[in-house]
Amino acid sequence: MERNYKIDILRAYAIITVIIGHSIQFGQGPSPSFFEDYVFKFIYSFHMPLFMLLSGYLFYLTLNRHSFSI
């Protein structure tokens, strides 16, 4: 099976958005004003579901490639 570079690009994008989101969250100090930041809200609306989607897809491919039987 060949490597799917689209998955790698999506993973890199998700990792970068997590870094940006955490930078917004912890870069403003103890103030909770980051909850009102539109970039923060946008990033946190999809970055974890994207990781879960990619993980599930790759796990599905692994199961099919090794044809495990339960």
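1. The largest nonpolar core is made of five residues, namely Ile7, Ala14, Phe46, Leu50 and Leu54. Two elements, α1 (5-27) and α3 (47-66), each give two or more residues to this core. A nonpolar core here is a set of buried Ala, Val, Leu, Ile, Met, Phe, Trp, Tyr and Cys residues joined through side-chain atoms within 4.5 Å. Buried means under 20% relative accessible area, exposed over 50%, and partly exposed in between (1.4 Å probe, protein chains only).

2. The model is predicted: local features need pLDDT of at least 70, side-chain atom pairs count only at pLDDT 80 or more, and totals for chains, interfaces and linings use all residues. Residues are numbered from 1 along each chain as its sequence is written, and side-chain values use heavy atoms, with hydrogens and water left out.

3. Helices (H or I, at least four residues) and strands (E, at least two) are DSSP runs, numbered from the N terminus.

4. Of the 70 residues in the protein chain, 21% are buried. The accessible surface of the chain is about 5,800 Å², and carbon and sulfur atoms account for 68% of that surface. Such areas come from the Shrake-Rupley method with a 1.4 Å probe; for residues, only the protein chains shown count as cover.

5. Contact means heavy atoms within 4.5 Å. Over the protein chain, 51% of the contacts between residues at least 6 apart in sequence join residues at least 24 apart.

6. His47 lies in helix α3. Is His47 buried or exposed? His47 counts as buried because its relative accessible area is 5%. The His47 side chain reaches the backbone oxygen of Ile43 at 3.1 Å. Leaving aside neighbours within four places in sequence, His47 is in contact with Thr17 and Val18.

7. There are two aromatic pairs in the structure. In one of them, Tyr13 and Phe46 are stacked, at 6.0 Å centre to centre with 15° between the planes. This pair links distant parts of the chain, 33 residues apart: Tyr13 is in helix α1, and Phe46 is in the loop between α2 (38-44) and α3. Rings of Phe, Tyr and Trp (its six-membered ring) pair if their centres lie within 6.5 Å; planes under 30 degrees apart count as stacked, over 60 as edge-to-face and the rest as tilted.

8. Tyr13 is partly exposed at 42% relative accessible area, whereas Phe46 is buried at 19%. Ring pairs join Tyr13, Phe42 and Phe46 into a cluster.

Methods
A polar contact is a pair of N or O atoms within 3.5 Å; within protein, one must be able to donate a hydrogen and the other to accept it, and residues adjacent in sequence count only if both atoms are side-chain atoms.
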